[in-house]
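Here is a briefing on one protein chain. Please keep the sequence and the structure in view while reading.

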Amino acid sequence: MNHTASSPMAESAFNPLWFAQASHGLDEAGRTLLQAAADWAGPILLDLAGSTGEPLDSHCAQVALILAGLGVDAQTRASALLAVTPAPGPEVKQDPVQKAFGAEVMTLVRGSRALYRLGSLTGQAKEQTGGGDQKEMKRKMLLAMAADLRIVLMRLASRLQSLRWYRQSKTVCPVEFARETLELYTPLANRLGIWQIKWEMEDLAFRFLNPEVYKHIASQLEDKRVERETLISQVRDQLLAALKREHIVAEVSGRPKHIFSIWNKMRNKHLDFEQLFDLRALRVIVEDERSCYHTLAVVHSLWTPVPEEFDDYISRPKPNGYRSLHTVIADAQGRCFEIQIRTRDMHQFAEYGMAAHWRYKEAGAQGGQQTADGEDDKKIAWMRQLLAWDREASTSNASNFNGQADSNKDTASQAPMEAVVSKKPSVARPLKAQEDEHIYVLTPQARVIELPVGATPVDFAYYLHTDLGHRCRGARVDGQMVPLSTRLSTGQTVEIVAAKSGGPSRDWLNVQLGFLASPRSRSKVRAWFNAIELQQRISQGQSMVEKELQRLGRTAVNLEQMAQQLGFAKADDLYVAVAKDEFSLRQVDALFREDVQEEEPVQRVFDAARESVSKTGKSGVLVVGVDSLMTQLARCCRPAPPDLIAGFVTRGRGVSIHRADCKSYQELADRQPERAISVDWGDTGDTQYPVDLAIEAQEHPSLLRDLSEVFARLRLNVTGINTLSRRSLTRMIFTIEVRDGEQIQKALAALNELSGVSARRYSF
């Protein structure tokens, strides 16, 4: 919580009247501890305000009252006063709080400060990351940071008081603050079964987020809250008297539904306000299943049942195992009540088993289709049982009704709340959660990351991104540089320092050095080195194969085809087999000996007998209407039969022959149209014409070899190569000699079949 100066106040909030309420139920030692904490914190907090603007001494005082209503021990109440006092700097070896109040209070204070810090960091996040998964991760992190469950109670009470302050002071509550309450804190209170805090936080947050809807629902409630509770109490007394006459031992409790729950049910089930029958609700707990149906008969004899609103979940349990009788009845004035009837075992199963209420409520419209399983669910059920230690002994009529009680209050109420934590001496001891298998840390952007216990910054980097893990070179934890083998703890903020390129260290795979705790991270490091080893084997095998082909005089062979002839899917597989001595190069020699026996004599690729335009100067072009004119093929577009061509009369060099679509020719003809002349191809015979092909490709060691194999296979003479490489992209201009356009098209098609190669006809 941020500390800022507030306006001067006349006196501290820790006055005698407050102390009388805050110390209710404590023994003399507990009262002494609480008074000492108030005396310590009062002067420090007097002129400070929290990030909400609320005076800190007033905030802590009211939080202590909420905790007193929950029946927590003196250490928890005292810690609530001390938790927001400024923490000492790192140069202080021992916190003064520990010296003055002992290790137990210090543990609570330190845990509470960590949760305040978590709330501050998540509140600074500029955007939602991860959606519902991130919300759930934050809830888990909040629980994991509070090994002592009393720390969670302190955090929830603090959030509730902040909401109350926004309402009482009429200060505008930030939308993010109210939304975080509904997304993080009320589900947590719900899972822990702390109904009183949950209901009031829900209503207050809903009031700030949807004020118009809140006021509309409130106006539709036909009577005031006190009157509704009185009516429920009357119905309860009437039912208890009737059950007593029938010799049925039962517990009956109930309260009206609160506004947020009304709206949530209307939204999830698409109901109008008039269609809600459970605005007033009762729960009846009896001894056995037979008494359930007997009680149902008594209820229907006292009031008129609504036939469409009866469900027998005892004979037909919900898919998640939930069992109970649900019925809706109407009194003489037509006012409806929902009544649930179940045995003690059914109630325990509904509260702590697979049909736990928190799973039902958070599943939204899916409700009873959800099942509660897994270690997280077991842990939550275990902690809820701790919180409900003495709930059965409570005589309050305000017992929770499956989480659907009403905490709708138009004015703030500071009265003590029903105790949900045992007041037995044992509760003064820390309520330790079972040891978790995960930790929860934060990115600098306040995104929560779940990691296994013992995880290091390297594990964290690999969780974010594999490439970031490979390039990880250092880490900052809570702003301090730490070794990469440092074990992370829940609540820490981790920032990775990465190189621009590179890979992991082999030391990371050494278990004794402790760089990695996650099997997932280790597998990614192994995959990196496996890929490196594979590439090394491919290079080694390729070199061995190429040397063998040079020895055999077969350097122009298509290696992919050769690999397939030898039984491999691709050339890389052949190289790996050769490098690992799993394939003998003698089989390559044998393959070619078989081919030689079947080969017929073929014409050499480069035939000196062929006439080339570059050598003879005879282009085979006829100038229409003119005899014995010297012609030359333009180098800008290098025409070849059967290209459409055009001529341009030069000064002293005869007629320059261009392709008809040549840009250079178009510019010349536009400037001097009188020098343009019609030309056509004559008898070209076997004359070879130079043609430029432009090739773009990703650079790799065998690129030139692959291109040369194409020209060799098509028996095309290459007379010139011009290359330009930039970064990983290579641009090449090949000048080849062809007889006609068909050879050009075959060459382009063969080149474009190569992986990563793009080829086209080139002109300036």
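At what angle do helix α2 (residues 28-45) and α4 pack, and how far apart are their axes? The angle is about 5°, and the axes are 8 Å apart. This is a predicted model, in which local features need pLDDT of at least 70, side-chain atom pairs count only at pLDDT 80 or more, and totals for chains, interfaces and linings use all residues. Residues are numbered from 1 along each chain as its sequence is written, and side-chain values use heavy atoms, with hydrogens and water left out.

**Chain overview**

- The chain holds 27 helices and 23 strands. Both are DSSP runs numbered from the N terminus: helices are H or I with at least four residues, strands are E with at least two.
- Of the 764 residues in the chain, 49% are buried. Buried means under 20% relative accessible area, exposed means over 50%, and partly exposed lies in between (1.4 Å probe, protein chains only).
- The accessible surface of the chain is about 38000 Å². Carbon and sulfur atoms account for 50% of that surface. The areas come from the Shrake-Rupley method with a 1.4 Å probe; for residues, only the protein chains shown count as cover.
- Among contacts in the chain with a separation of 6 or more, 71% are between residues 24 or more positions apart. Contact means heavy atoms within 4.5 Å.

**Helix α2 against α4**

- The angle of about 5° makes α2 roughly parallel to α4. Axes are lines fitted to C-alpha atoms, for helices over the stretch in contact, and angles run from 0 to 180 degrees between N-to-C directions. Angles under 35 degrees count as roughly parallel, over 145 as roughly antiparallel, 65 to 115 as roughly perpendicular, and the rest as oblique.
- From α2, the residues in contact are G30, L33, L34, A37, A38, W40, A41 and L45. They meet A74, Q75, R77, A78, L81 and L82 in α4.
- By class, this contact has 11 nonpolar, two polar and one charged residues. Ala, Val, Leu, Ile, Met, Phe, Trp, Tyr, Cys and Pro count as nonpolar; Asp, Glu, Lys and Arg count as charged; the others, Gly among them, count as polar.

**Helix α3 against α4**

- Helix α3 (residues 56-69) packs on helix α4 (residues 74-82) at about 160°, with axes 8 Å apart.
- The two helices, α3 and α4, are therefore roughly antiparallel.
- The contact is made by C60, A61, V63, A64, L67 and A68 of α3. On the α4 side, T76, R77, A80 and L81 take part.
- Eight nonpolar, one polar and one charged residues make up the contact of α3 with α4.
- L56 also belongs to helix α3. L56 is buried, at 0% relative accessible area.
- L56 and L45 are 11 residues apart along the chain, and their C-alpha atoms are separated by 5.8 Å.

**Backbone points**

- P641 and P642 are joined by a cis peptide bond, with omega about 0°. P642 sits in the loop between β15 (631-633) and β16 (645-649).
- R638 is in the loop between β15 and β16. R638 has a positive phi of about 45° although it is not a glycine. R638 counts as buried, at 18% relative accessibility.
- R715 has a positive phi of about 60° and is not a glycine either. R715 is found in the loop between α26 (703-713) and β21 (717-726). At 35% relative accessibility, R715 counts as partly exposed.

**Buried residues and their partners**

- W199 is in helix α10 (residues 195-209). W199 is buried, with a relative accessible area of 1%. W199 and A189 are 10 residues apart in sequence and 9.1 Å apart, C-alpha to C-alpha.
- R675 lies in the loop between α25 (663-671) and β18 (676-677). R675 counts as buried at 14% relative accessibility. Not counting residues up to four places away in sequence, R675 touches G647, F648, V649, T650 and R651. R675 and G647 are 28 residues apart in sequence and 8.4 Å apart in space, C-alpha to C-alpha.
- L484 is in the loop between β12 (480-482) and β13 (494-498). L484 counts as buried at 13% relative accessibility. Beyond four places in sequence, the residues that L484 touches include T456, C472, W508 and F515.
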